[in-house]
Amino acid sequence: MKISPYQPDQSGMAYSVGTTLDRFINLKQNDFPFASGELSQLLRDIALAAKIVNRETNRAGLANIGGAFGQTNVQGEEQQKLDVIANIRFMRALSKGGEVCAIVSEEEDAVIDLQNNSGKYVVAIDPLDGSSNIDVNISIGTIFSIYRRKTPLGQPIQSEDIMQPGKDQVAAGYVLYGSSTMLVYTTGFGVNGFTYENSLGEFFLSHPNIQAPKKGGIYSINEGLQNEWEQSVKNYVDHCKDQRYAARYIGSLVADFHRNLLKGGIYIYPATTKNPSGKLRLLYEANALAFIAEQAGAVATNGQKSILDLSPNILHQRTPLIIGSERMVEDYLKITKQEEPSYPS
Ligand code: FDP
């Protein structure tokens with residue numbers, strides 16, 4: 001009888017394409033000899049909630065759960081049914097495991113204190129971003145940031161546990177419910193993307209160690225708001241046109257960011273007359289994407305400072321966001337700094 005030894009896949013072994021998310025998280029945890037496993041469990045909980053939201057998203061048209069819920073959230077925006085469903089799913093997943101002490105959600109007015117003073121982590125989450133796109137079958141996403149609480153375990157949470165600058169994130173990620181569903185995350189050691197395989201109910205590593213191109217050919221901005229921009233932003237967009245960059249704007253932050261991260265590009269949501277502090281939220285949108293961007297070699301700024309250096313003052317704080325390929329963001333800063341801020345009257 002002929003016996004041949006098994007030849008394992010030599011393509012990087014541990015983190016090769018096709019590794020399941022669960023296995024990847026376990027292997028990564030082994031890199032930290034004193035890790036307690038709580039962050040790993042938290043990431044698994046988020047992945048489970050993402051699978052459930054993915055199922056609901058796929059059924060949205062069929063089960064009549066698209067469309068408005070009939071209430072407005074704290075931002076004054078109309079809540080969609082799926083917004084509400086996603087919020088409930090993530091709240092449940094984050095509160096069951098015992099790793100989390102508090103949650104900040106786009107859909108909740110106040111911080112949710114889970115009354116779990118032994119929970120090490122604080123999570124800021126936008127359960128369903130880009131929700132105005134649900135009804136028309138366009139990609140939407142979930143964005144999350146994870147922080148370690150600052151105050152000692154065993155004590156009630158304080159505002160310093162919640163209002164942390166983005167540079168203190170221990171992990172961040174997003175889920176993109178698109179032509180396929182992907183979970184992309186970082187724990188501060190590179191960025192990895194996992195694609196969901198529906199029939200197996202698993203996320204598999206499909207985009208190991210994502211590196212953003214230093215320069216790209218895409219700019220993403222809502223040009224319908226041009227009359228509300230500062231002159232300096234108009235100058236940059238003129239530059240993009242001079243360079244013959246492609247204009248691509250889905251209006252779903254996760255989807256626009258993800259495309260630009262992989263292909264190279266710049267996403268801009270500047271201050272406008274309607275939203276002089278920008279539209280996007282610092283704690284559960286900009287910070288997470290900025291952490292991921294920087295881990296992938298891209299850059300994120302509010303036009304003055306790095307997003308990760310901003311200290312939040314209020315829970316649902318907004319910020320201008322300019323994020324993307326390093327050289328494009330550099331050009332943006334060079335061009336916009338030539339102008340004094342001045343809104344058109
Ligand atoms: P939405 O209002 O649909 O939730 O986070 C807010 C957000 O979407 C982002 O996903 C998106 O990039 C942006 O707002 C779109 O805003 P505009 O419609 O003003 O362009």
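Biologist: Which residues does the UniProt annotation "binding site" cover?

Modeller: In the UniProt record, an unreviewed entry, that annotation covers Glu106, Asp126 and Leu128. The structure here is a predicted model, and the annotation may be inferred rather than shown by experiment.

Biologist: How far apart are their C-alpha atoms, given that they span 23 residues in sequence?

Modeller: No two of those C-alpha atoms are more than 8.7 Å apart, so the residues gather at one spot.

Biologist: Where does Glu106 lie, and where is the place of Asp126?

Modeller: Glu106 lies in a loop, the one between strand 3 (100-105) and strand 4. Asp126 belongs to strand 5.

Biologist: Is Asp126 buried or exposed?

Modeller: A residue counts as buried when its relative accessible area is under 20%. Asp126 has 0%, so Asp126 is buried. Glu106, at 4%, counts as buried too.

Biologist: With which residues is Asp126 in contact, leaving aside its neighbours within four places in sequence?

Modeller: Asp126 touches Glu106, Gly141, Thr142, Ile143, Tyr284 and Glu285.

Biologist: How many bridges pair strand 7 with strand 8?

Modeller: There are 6 bridges, in the antiparallel sense. A hairpin of 3 residues joins the two strands.

Biologist: And how many bridges join strand 8 to strand 9?

Modeller: Strand 8 (residues 181-186) and strand 9 (residues 191-197) run antiparallel and are joined by 5 bridges. Met182 has Thr195 of strand 9 as its bridge partner, and Tyr185 has Asn192. Their hairpin has 4 residues between the strands, and Gly188 takes a positive phi near 95° there.

Biologist: Which residues of strand 8 point one way, and which the other way?

Modeller: Thr181, Leu183 and Tyr185 point one way, while Met182, Val184 and Thr186 point the other way. Strand 8 is mostly covered, with 6 of its 6 residues buried.

Biologist: Which residues touch the most other members of the largest nonpolar core?

Modeller: In general, nonpolar side chains in soluble globular proteins tend to be buried together. The largest nonpolar core here has 37 residues, and Leu42, Ile146 and Tyr185 touch the most other members. Helix 2 (residues 38-59) gives this core its largest share, 8 residues. Beyond its neighbours within four places in sequence, Leu42 is in contact with Leu94, Glu99, Val100, Tyr121, Val123 and Ile146.

Biologist: How many residues are in the second, separate core?

Modeller: That core has 33 residues, among them Tyr269, Ala286, Ala300 and Ile307.

Key: Residues are numbered from 1 along each chain as its sequence is written. This is a predicted model: local features need pLDDT of at least 70, side-chain atom pairs count only at pLDDT 80 or more; totals for chains, interfaces and linings use all residues. Side-chain values use heavy atoms; hydrogens and water are left out. A nonpolar core is a set of buried Ala, Val, Leu, Ile, Met, Phe, Trp, Tyr and Cys residues joined through side-chain atoms within 4.5 Å. Buried means under 20% relative accessible area, exposed over 50%, partly exposed in between (1.4 Å probe, protein chains only). Contact means heavy atoms within 4.5 Å. Two strands pair if DSSP finds at least two bridges between them.
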